[in-house]
Amino acid sequence: MTADLATVDLADPQTFLDADLHELFGRLRAESPVHWNEPRDDRPGFWAITRHADCVTAYKDNERLTSERGNVLSTLLQGNDSASGKMLAVTDGERHRAVRKLMLKSLSPRLLGAVAEQVRARTFGLVRDAIARGECDFATDVADHIPINTIGDLMDVPAADRPRLVEWNNRTLSRISSEDSEMDEWLARNEILLYFTDLADQRRRKPGDDVLSALANGLVDGQPLAEDEVVFNSYSLILGADESSRMSSIGAIIALAQHPEQWRRLKSGEVGVETATEEVLRWTTPAMHFGRRAVADVELGGRTIRDGDVVTMWNTSANLDEEVFADPTRFDLARTPNRHIAFGFGPHFCLGAFLGRAHVGSVLEALRDEVAEIRVPGPGTRLYSNFVHGYSSLPVELVPEPR
Ligand code: HEM
(Lines give C-alpha, C1' and ligand atoms only; values in the text may rest on other atoms or scores of the structure.)
Protein backbone atom coordinates (compact mmCIF):
# COMPACT_ATOMS: atom_id res chain seq x y z
CA MET A 1 0.00 0.00 0.00
CA THR A 2 1.17 3.53 -0.76
CA ALA A 3 1.04 5.23 2.65
CA ASP A 4 1.38 8.94 2.03
CA LEU A 5 0.91 10.42 -1.44
CA ALA A 6 3.16 13.35 -0.51
CA THR A 7 6.11 10.94 -0.38
CA VAL A 8 5.45 9.45 -3.84
CA ASP A 9 8.02 10.49 -6.44
CA LEU A 10 6.86 10.00 -10.03
CA ALA A 11 10.22 11.21 -11.37
CA ASP A 12 12.05 8.32 -9.72
CA PRO A 13 12.23 5.27 -12.04
CA GLN A 14 12.34 3.01 -8.98
CA THR A 15 8.76 4.04 -8.11
CA PHE A 16 7.49 2.16 -11.15
CA LEU A 17 9.35 -1.01 -10.19
CA ASP A 18 8.24 -0.93 -6.55
CA ALA A 19 4.64 0.34 -6.60
CA ASP A 20 1.40 -1.40 -7.50
CA LEU A 21 0.54 1.04 -10.29
CA HIS A 22 -3.19 0.25 -10.28
CA GLU A 23 -3.34 1.09 -6.60
CA LEU A 24 -1.04 4.13 -6.75
CA PHE A 25 -2.79 5.79 -9.68
CA GLY A 26 -6.22 4.85 -8.30
CA ARG A 27 -5.38 6.78 -5.13
CA LEU A 28 -3.99 9.74 -7.03
CA ARG A 29 -7.13 9.97 -9.19
CA ALA A 30 -9.39 9.76 -6.15
CA GLU A 31 -7.47 11.85 -3.60
CA SER A 32 -5.24 14.23 -5.54
CA PRO A 33 -6.04 14.21 -9.26
CA VAL A 34 -3.96 17.31 -9.96
CA HIS A 35 -1.09 16.43 -7.68
CA TRP A 36 2.00 18.40 -6.72
CA ASN A 37 5.01 16.08 -6.80
CA GLU A 38 7.34 17.62 -4.22
CA PRO A 39 10.86 18.77 -5.23
CA ARG A 40 13.62 16.28 -4.36
CA ASP A 41 17.31 17.06 -3.75
CA ASP A 42 18.26 19.47 -6.52
CA ARG A 43 15.27 18.58 -8.71
CA PRO A 44 12.23 20.91 -8.95
CA GLY A 45 8.67 19.84 -8.19
CA PHE A 46 6.02 19.32 -10.87
CA TRP A 47 2.30 18.70 -11.36
CA ALA A 48 1.00 15.18 -12.07
CA ILE A 49 -2.41 14.97 -13.75
CA THR A 50 -3.99 11.56 -13.46
CA ARG A 51 -7.67 11.75 -14.53
CA HIS A 52 -8.58 11.08 -18.17
CA ALA A 53 -10.67 14.26 -18.59
CA ASP A 54 -7.95 16.49 -17.09
CA CYS A 55 -5.23 14.88 -19.23
CA VAL A 56 -7.30 15.48 -22.37
CA THR A 57 -7.89 19.12 -21.34
CA ALA A 58 -4.15 19.61 -20.77
CA TYR A 59 -3.15 17.93 -24.06
CA LYS A 60 -5.56 20.19 -25.96
CA ASP A 61 -4.36 23.40 -24.30
CA ASN A 62 -1.24 23.79 -26.37
CA GLU A 63 -1.19 27.57 -26.06
CA ARG A 64 -0.95 27.83 -22.29
CA LEU A 65 0.81 24.48 -21.86
CA THR A 66 3.71 24.45 -24.29
CA SER A 67 5.85 21.55 -25.53
CA GLU A 68 8.63 23.91 -26.52
CA ARG A 69 10.50 23.59 -23.19
CA GLY A 70 10.45 19.77 -23.30
CA ASN A 71 7.71 17.13 -23.34
CA VAL A 72 9.04 14.47 -20.95
CA LEU A 73 10.16 14.76 -17.33
CA SER A 74 13.86 14.29 -18.09
CA THR A 75 14.06 17.43 -20.24
CA LEU A 76 11.32 19.44 -18.49
CA LEU A 77 13.05 19.17 -15.12
CA GLN A 78 16.33 20.32 -16.65
CA GLY A 79 14.49 23.40 -17.89
CA ASN A 80 14.81 22.89 -21.63
CA ASP A 81 15.08 20.50 -24.57
CA SER A 82 17.98 21.11 -26.96
CA ALA A 83 15.69 20.10 -29.86
CA SER A 84 13.12 22.77 -28.97
CA GLY A 85 11.63 24.39 -32.06
CA LYS A 86 13.50 21.89 -34.28
CA MET A 87 11.86 18.54 -33.50
CA LEU A 88 8.13 18.17 -34.12
CA ALA A 89 7.23 16.90 -30.64
CA VAL A 90 8.84 19.95 -28.98
CA THR A 91 7.64 22.59 -31.46
CA ASP A 92 4.30 24.40 -31.23
CA GLY A 93 2.14 26.78 -33.23
CA GLU A 94 2.39 27.48 -36.94
CA ARG A 95 5.79 25.82 -37.40
CA HIS A 96 4.49 22.64 -35.74
CA ARG A 97 1.45 22.50 -38.03
CA ALA A 98 3.54 23.05 -41.17
CA VAL A 99 6.26 20.48 -40.36
CA ARG A 100 3.65 17.96 -39.16
CA LYS A 101 1.88 18.32 -42.51
CA LEU A 102 5.14 17.61 -44.36
CA MET A 103 5.87 14.53 -42.24
CA LEU A 104 2.29 13.25 -42.49
CA LYS A 105 2.63 13.11 -46.27
CA SER A 106 4.98 10.14 -45.87
CA LEU A 107 3.13 8.57 -42.94
CA SER A 108 -0.53 8.73 -43.94
CA PRO A 109 -2.53 5.49 -43.58
CA ARG A 110 -3.27 5.66 -47.33
CA LEU A 111 0.44 5.25 -48.14
CA LEU A 112 1.17 2.80 -45.39
CA GLY A 113 -1.22 0.00 -46.42
CA ALA A 114 1.55 -1.87 -48.24
CA VAL A 115 3.94 -1.30 -45.33
CA ALA A 116 1.41 -2.85 -42.94
CA GLU A 117 1.42 -5.95 -45.15
CA GLN A 118 5.23 -6.18 -44.85
CA VAL A 119 4.97 -5.77 -41.06
CA ARG A 120 2.55 -8.68 -40.98
CA ALA A 121 4.79 -10.94 -43.09
CA ARG A 122 7.88 -10.08 -41.02
CA THR A 123 6.07 -10.69 -37.71
CA PHE A 124 4.71 -14.06 -38.84
CA GLY A 125 8.27 -15.07 -39.86
CA LEU A 126 9.73 -14.02 -36.50
CA VAL A 127 7.00 -15.80 -34.52
CA ARG A 128 7.44 -18.99 -36.57
CA ASP A 129 11.22 -18.89 -35.94
CA ALA A 130 10.58 -18.42 -32.22
CA ILE A 131 8.20 -21.39 -32.21
CA ALA A 132 10.78 -23.55 -34.01
CA ARG A 133 13.29 -22.74 -31.26
CA GLY A 134 10.80 -23.75 -28.55
CA GLU A 135 12.11 -21.24 -26.04
CA CYS A 136 12.97 -17.67 -26.90
CA ASP A 137 13.39 -14.21 -25.47
CA PHE A 138 10.29 -12.49 -26.83
CA ALA A 139 11.90 -9.05 -26.38
CA THR A 140 15.22 -9.64 -28.10
CA ASP A 141 14.26 -12.42 -30.55
CA VAL A 142 10.88 -11.12 -31.74
CA ALA A 143 9.72 -7.65 -30.62
CA ASP A 144 13.09 -5.91 -31.10
CA HIS A 145 13.04 -6.76 -34.82
CA ILE A 146 9.57 -5.57 -35.82
CA PRO A 147 9.27 -1.76 -35.55
CA ILE A 148 12.92 -0.95 -36.24
CA ASN A 149 12.68 -2.74 -39.56
CA THR A 150 9.43 -0.98 -40.51
CA ILE A 151 10.76 2.49 -39.79
CA GLY A 152 14.17 1.38 -41.12
CA ASP A 153 12.53 0.45 -44.45
CA LEU A 154 10.52 3.66 -44.52
CA MET A 155 13.66 5.74 -43.93
CA ASP A 156 15.82 3.40 -46.01
CA VAL A 157 18.29 2.83 -43.16
CA PRO A 158 20.83 0.13 -44.17
CA ALA A 159 19.85 -3.19 -42.54
CA ALA A 160 23.31 -3.68 -41.01
CA ASP A 161 22.93 -0.44 -38.98
CA ARG A 162 19.57 -1.26 -37.42
CA PRO A 163 20.71 -3.36 -34.41
CA ARG A 164 22.96 -0.46 -33.35
CA LEU A 165 20.01 1.91 -33.53
CA VAL A 166 17.86 -0.36 -31.33
CA GLU A 167 20.63 -0.44 -28.76
CA TRP A 168 21.03 3.35 -28.79
CA ASN A 169 17.24 3.76 -28.57
CA ASN A 170 17.16 1.55 -25.51
CA ARG A 171 19.85 3.56 -23.80
CA THR A 172 18.36 6.92 -24.74
CA LEU A 173 14.80 6.58 -23.49
CA SER A 174 15.01 4.07 -20.74
CA ARG A 175 17.91 2.63 -18.94
CA ILE A 176 18.08 -1.13 -18.84
CA SER A 177 18.96 -0.84 -15.14
CA SER A 178 19.85 1.65 -12.42
CA GLU A 179 23.54 0.87 -13.13
CA ASP A 180 23.41 2.77 -16.43
CA SER A 181 24.35 6.41 -16.09
CA GLU A 182 22.82 9.58 -17.50
CA MET A 183 26.05 9.98 -19.45
CA ASP A 184 25.23 6.70 -21.28
CA GLU A 185 21.85 8.15 -22.27
CA TRP A 186 23.46 11.35 -23.50
CA LEU A 187 26.11 9.49 -25.49
CA ALA A 188 23.52 7.22 -27.10
CA ARG A 189 21.41 10.22 -28.11
CA ASN A 190 24.46 11.84 -29.70
CA GLU A 191 25.30 8.65 -31.60
CA ILE A 192 21.82 8.67 -33.14
CA LEU A 193 22.05 12.37 -34.04
CA LEU A 194 25.48 11.93 -35.66
CA TYR A 195 24.27 8.88 -37.51
CA PHE A 196 21.36 10.80 -39.07
CA THR A 197 23.52 13.85 -39.82
CA ASP A 198 25.57 11.63 -42.16
CA LEU A 199 22.61 9.80 -43.65
CA ALA A 200 20.62 13.01 -44.26
CA ASP A 201 23.62 14.47 -46.01
CA GLN A 202 23.76 11.47 -48.35
CA ARG A 203 20.01 11.79 -49.09
CA ARG A 204 20.35 15.48 -49.83
CA ARG A 205 22.93 14.67 -52.47
CA LYS A 206 21.13 11.58 -53.78
CA PRO A 207 17.42 11.58 -52.84
CA GLY A 208 15.35 8.41 -52.83
CA ASP A 209 11.62 7.92 -52.23
CA ASP A 210 12.05 7.33 -48.48
CA VAL A 211 10.89 9.42 -45.49
CA LEU A 212 14.40 10.70 -44.74
CA SER A 213 14.78 11.99 -48.31
CA ALA A 214 11.36 13.65 -47.95
CA LEU A 215 12.57 15.44 -44.80
CA ALA A 216 15.97 16.34 -46.23
CA ASN A 217 14.53 17.75 -49.47
CA GLY A 218 10.99 18.80 -48.51
CA LEU A 219 9.90 22.42 -48.42
CA VAL A 220 7.97 24.24 -45.70
CA ASP A 221 6.75 27.70 -46.75
CA GLY A 222 8.95 27.35 -49.82
CA GLN A 223 12.11 26.77 -47.75
CA PRO A 224 14.00 23.53 -47.01
CA LEU A 225 14.15 22.42 -43.37
CA ALA A 226 17.33 23.40 -41.52
CA GLU A 227 19.88 20.59 -41.18
CA ASP A 228 19.25 20.18 -37.44
CA GLU A 229 15.47 20.01 -38.04
CA VAL A 230 16.02 17.09 -40.42
CA VAL A 231 18.32 15.33 -37.96
CA PHE A 232 16.12 15.87 -34.86
CA ASN A 233 12.98 14.73 -36.69
CA SER A 234 14.75 11.62 -37.97
CA TYR A 235 15.84 10.93 -34.41
CA SER A 236 12.27 11.34 -33.20
CA LEU A 237 10.91 9.00 -35.88
CA ILE A 238 13.38 6.22 -35.17
CA LEU A 239 12.89 6.54 -31.42
CA GLY A 240 9.11 7.04 -31.49
CA ALA A 241 8.54 4.19 -33.88
CA ASP A 242 10.79 1.69 -32.22
CA GLU A 243 10.46 1.83 -28.46
CA SER A 244 6.72 2.14 -27.78
CA SER A 245 5.55 -0.46 -30.29
CA ARG A 246 8.09 -2.96 -28.98
CA MET A 247 6.98 -2.43 -25.41
CA SER A 248 3.30 -2.86 -26.28
CA SER A 249 4.00 -6.13 -28.09
CA ILE A 250 5.98 -7.53 -25.16
CA GLY A 251 3.27 -6.38 -22.76
CA ALA A 252 0.67 -8.11 -24.96
CA ILE A 253 2.25 -11.52 -24.56
CA ILE A 254 2.44 -11.14 -20.77
CA ALA A 255 -1.19 -10.04 -20.58
CA LEU A 256 -2.34 -12.95 -22.76
CA ALA A 257 -0.37 -15.47 -20.67
CA GLN A 258 -1.86 -14.01 -17.46
CA HIS A 259 -5.44 -13.97 -18.81
CA PRO A 260 -6.07 -17.38 -20.43
CA GLU A 261 -9.79 -16.63 -20.89
CA GLN A 262 -8.91 -13.58 -23.03
CA TRP A 263 -6.37 -15.62 -24.98
CA ARG A 264 -9.16 -18.13 -25.77
CA ARG A 265 -11.43 -15.32 -26.96
CA LEU A 266 -8.73 -14.12 -29.35
CA LYS A 267 -7.94 -17.67 -30.53
CA SER A 268 -11.58 -18.55 -31.16
CA GLY A 269 -12.19 -15.39 -33.19
CA GLU A 270 -14.78 -14.17 -30.67
CA VAL A 271 -12.75 -10.95 -30.51
CA GLY A 272 -11.22 -9.39 -33.61
CA VAL A 273 -7.60 -8.27 -33.82
CA GLU A 274 -8.47 -4.58 -34.25
CA THR A 275 -10.55 -4.42 -31.08
CA ALA A 276 -7.98 -6.48 -29.17
CA THR A 277 -5.17 -4.16 -30.33
CA GLU A 278 -6.87 -1.16 -28.69
CA GLU A 279 -7.16 -2.99 -25.37
CA VAL A 280 -3.52 -4.05 -25.52
CA LEU A 281 -2.55 -0.42 -26.12
CA ARG A 282 -4.69 0.72 -23.18
CA TRP A 283 -3.41 -2.05 -20.91
CA THR A 284 0.28 -1.64 -21.72
CA THR A 285 0.40 2.18 -22.24
CA PRO A 286 4.13 2.15 -23.07
CA ALA A 287 4.59 5.94 -22.91
CA MET A 288 3.56 6.41 -19.28
CA HIS A 289 3.57 10.20 -19.31
CA PHE A 290 4.13 13.22 -21.50
CA GLY A 291 4.53 16.73 -20.19
CA ARG A 292 4.37 20.45 -20.83
CA ARG A 293 5.43 23.75 -19.28
CA ALA A 294 2.80 26.32 -18.33
CA VAL A 295 3.30 29.72 -19.96
CA ALA A 296 0.29 31.24 -18.13
CA ASP A 297 -1.68 30.42 -14.98
CA VAL A 298 -4.06 27.51 -15.64
CA GLU A 299 -6.94 26.31 -13.43
CA LEU A 300 -7.33 22.55 -13.52
CA GLY A 301 -9.18 20.20 -11.20
CA GLY A 302 -9.58 22.96 -8.60
CA ARG A 303 -5.83 23.70 -8.46
CA THR A 304 -3.90 26.62 -9.92
CA ILE A 305 -0.96 25.69 -12.10
CA ARG A 306 1.35 28.72 -12.12
CA ASP A 307 3.05 30.24 -15.14
CA GLY A 308 6.42 28.43 -15.43
CA ASP A 309 5.34 25.18 -13.71
CA VAL A 310 6.05 21.74 -15.19
CA VAL A 311 2.92 19.68 -15.85
CA THR A 312 2.83 15.94 -16.59
CA MET A 313 -0.11 13.97 -18.00
CA TRP A 314 -0.09 10.33 -16.84
CA ASN A 315 -1.49 8.29 -19.73
CA THR A 316 -1.08 5.14 -17.65
CA SER A 317 -3.50 6.52 -15.09
CA ALA A 318 -5.93 8.12 -17.56
CA ASN A 319 -6.22 4.72 -19.24
CA LEU A 320 -7.37 3.21 -15.94
CA ASP A 321 -9.86 5.96 -15.10
CA GLU A 322 -13.13 4.46 -13.81
CA GLU A 323 -15.03 7.53 -15.10
CA VAL A 324 -14.24 6.44 -18.66
CA PHE A 325 -13.61 2.69 -18.56
CA ALA A 326 -16.00 0.20 -16.94
CA ASP A 327 -14.07 -2.16 -14.67
CA PRO A 328 -10.77 -0.55 -15.77
CA THR A 329 -8.42 -3.00 -14.04
CA ARG A 330 -9.92 -5.86 -16.06
CA PHE A 331 -8.04 -6.80 -19.24
CA ASP A 332 -10.95 -7.17 -21.65
CA LEU A 333 -9.99 -7.68 -25.28
CA ALA A 334 -13.55 -6.97 -26.45
CA ARG A 335 -13.72 -3.56 -24.75
CA THR A 336 -15.67 -1.10 -26.90
CA PRO A 337 -15.67 1.82 -26.97
CA ASN A 338 -12.06 2.17 -25.88
CA ARG A 339 -11.14 5.82 -25.52
CA HIS A 340 -7.57 5.20 -24.35
CA ILE A 341 -4.98 7.94 -24.75
CA ALA A 342 -1.93 5.71 -25.27
CA PHE A 343 -1.17 7.84 -28.37
CA GLY A 344 -1.78 11.13 -26.55
CA PHE A 345 -4.43 13.63 -27.64
CA GLY A 346 -4.79 16.95 -29.47
CA PRO A 347 -2.24 18.74 -31.66
CA HIS A 348 0.67 16.40 -30.81
CA PHE A 349 -1.37 13.18 -31.19
CA CYS A 350 1.04 10.43 -32.25
CA LEU A 351 2.10 10.73 -35.86
CA GLY A 352 2.79 7.00 -36.05
CA ALA A 353 -0.48 5.71 -34.54
CA PHE A 354 -1.34 3.78 -37.69
CA LEU A 355 2.05 2.04 -37.66
CA GLY A 356 1.95 1.45 -33.91
CA ARG A 357 -1.43 -0.26 -34.34
CA ALA A 358 -0.07 -2.27 -37.28
CA HIS A 359 2.84 -3.51 -35.16
CA VAL A 360 0.74 -4.59 -32.19
CA GLY A 361 -2.01 -6.02 -34.44
CA SER A 362 0.50 -8.11 -36.38
CA VAL A 363 1.85 -9.65 -33.17
CA LEU A 364 -1.66 -10.53 -31.99
CA GLU A 365 -2.54 -12.02 -35.36
CA ALA A 366 0.64 -14.11 -35.57
CA LEU A 367 0.17 -15.41 -32.01
CA ARG A 368 -3.48 -16.24 -32.71
CA ASP A 369 -2.76 -18.14 -35.92
CA GLU A 370 0.54 -19.85 -35.11
CA VAL A 371 0.59 -20.45 -31.35
CA ALA A 372 -1.54 -22.89 -29.34
CA GLU A 373 -0.24 -21.92 -25.92
CA ILE A 374 1.91 -19.13 -24.45
CA ARG A 375 4.06 -19.90 -21.42
CA VAL A 376 5.94 -17.16 -19.58
CA PRO A 377 8.13 -19.01 -17.07
CA GLY A 378 9.66 -15.98 -15.30
CA PRO A 379 8.99 -12.31 -14.59
CA GLY A 380 11.33 -10.91 -17.27
CA THR A 381 13.50 -7.81 -16.84
CA ARG A 382 11.72 -4.49 -16.48
CA LEU A 383 13.13 -1.24 -17.86
CA TYR A 384 14.35 1.34 -15.38
CA SER A 385 12.41 4.40 -16.50
CA ASN A 386 9.88 7.02 -15.41
CA PHE A 387 8.75 7.30 -19.05
CA VAL A 388 8.66 3.97 -20.88
CA HIS A 389 6.86 1.05 -19.29
CA GLY A 390 8.15 -2.27 -20.54
CA TYR A 391 10.73 -5.03 -20.60
CA SER A 392 14.22 -5.45 -22.00
CA SER A 393 14.01 -9.24 -21.73
CA LEU A 394 11.17 -11.76 -21.49
CA PRO A 395 11.82 -15.51 -21.80
CA VAL A 396 8.77 -17.31 -23.24
CA GLU A 397 7.82 -20.71 -24.62
CA LEU A 398 5.51 -20.71 -27.59
CA VAL A 399 3.73 -24.02 -28.17
CA PRO A 400 2.88 -24.43 -31.87
CA GLU A 401 -0.61 -24.82 -33.21
CA PRO A 402 -0.91 -28.47 -34.37
CA ARG A 403 -0.93 -28.66 -38.16
C1 HEM B 1 2.45 1.76 -29.74
C2 HEM B 1 3.16 2.65 -30.36
C3 HEM B 1 3.22 4.13 -30.03
C4 HEM B 1 2.80 4.83 -28.91
C5 HEM B 1 2.13 4.28 -27.67
C6 HEM B 1 3.11 6.23 -29.15
C7 HEM B 1 2.79 7.28 -28.27
C8 HEM B 1 2.90 8.63 -28.57
C9 HEM B 1 2.36 9.71 -27.76
C10 HEM B 1 1.63 9.54 -26.42
C11 HEM B 1 2.65 10.89 -28.40
C12 HEM B 1 2.27 12.32 -27.92
C13 HEM B 1 3.46 13.12 -27.41
C14 HEM B 1 3.09 14.45 -26.81
O15 HEM B 1 1.90 14.78 -26.69
O16 HEM B 1 4.00 15.21 -26.41
C17 HEM B 1 3.37 10.56 -29.61
C18 HEM B 1 3.83 11.49 -30.53
C19 HEM B 1 4.61 11.14 -31.62
N20 HEM B 1 4.87 9.87 -32.10
FE21 HEM B 1 4.22 8.12 -31.29
N22 HEM B 1 3.73 6.36 -30.36
C23 HEM B 1 3.80 5.11 -30.95
C24 HEM B 1 4.30 4.80 -32.20
C25 HEM B 1 4.91 5.70 -33.05
C26 HEM B 1 5.45 5.40 -34.35
C27 HEM B 1 5.39 4.02 -35.00
C28 HEM B 1 6.01 6.56 -34.84
C29 HEM B 1 6.73 6.83 -36.14
C30 HEM B 1 6.42 6.37 -37.29
C31 HEM B 1 5.78 7.60 -33.85
C32 HEM B 1 6.18 8.92 -33.97
C33 HEM B 1 5.69 9.96 -33.20
C34 HEM B 1 5.97 11.38 -33.47
C35 HEM B 1 6.85 11.93 -34.60
C36 HEM B 1 5.27 12.11 -32.49
C37 HEM B 1 5.23 13.64 -32.33
C38 HEM B 1 3.96 14.17 -32.97
C39 HEM B 1 3.78 15.67 -32.80
O40 HEM B 1 4.41 16.27 -31.93
O41 HEM B 1 2.98 16.28 -33.56
N42 HEM B 1 5.10 7.04 -32.78
N43 HEM B 1 3.49 9.18 -29.70
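The model is predicted; local features need pLDDT of at least 70 and side-chain atom pairs count only at pLDDT 80 or more, whereas totals for chains, interfaces and linings use all residues. Residue numbers start from 1 along each chain as its sequence is written. Helices (H or I, at least four residues) and strands (E, at least two) are DSSP runs, numbered from the N terminus.

Strand E10 spans residues 310-314 and is mostly covered, with five of its five residues buried. A residue is termed buried if 20 or more other C-beta atoms lie within 10 Å of its own, exposed if 12 or fewer, and partly exposed in between, with C-beta atoms placed from the backbone. In a regular strand, side chains alternate between the two faces of the sheet. In E10, Val310, Thr312 and Trp314 point one way, Val311 and Met313 point the other way, and all are buried. Two strands are taken to pair if DSSP finds at least two bridges between them. E10 pairs with strand E2 (residues 46-49) in the parallel sense over three bridges, and Val311 of E10 is the bridge partner of Trp47. The pairing of E10 with E7 is antiparallel and runs over five bridges; here Thr312 of E10 is the bridge partner of Gly291.

The ligand has 26 residues around it, of which Gly240, Gly344, Cys350, Gly352 and Gly356 come nearest. A residue is counted as near a molecule or strand if its C-beta atom, placed from the backbone, lies within 6 Å of it. Helix H5 (93-107), helix H12 (227-258) and H16 are the elements that give two or more residues to this shell. H12 supplies the largest share, seven residues. By class, the shell holds 14 nonpolar, 11 polar and one charged residues; Ala, Val, Leu, Ile, Met, Phe, Trp, Tyr, Cys and Pro count as nonpolar, Asp, Glu, Lys and Arg as charged, and the others, Gly among them, as polar.

Most residues other than glycine have a negative phi, and most peptide bonds are trans. Thr285, not a glycine, has a positive phi of about 25°. Thr285 lies in the loop between helix H14 (273-284) and strand E7 (289-294), and counts as buried because it has 27 C-beta neighbours inside 10 Å. Asp327 also has a positive phi, near 50°, but counts as exposed because it has 9 C-beta neighbours inside 10 Å. Asp327 is found in the loop between H15 and H16. A cis peptide bond, with omega about -10°, joins Thr336 and Pro337. Pro337 is placed in the loop between helix H15 (315-318) and helix H16 (353-370).
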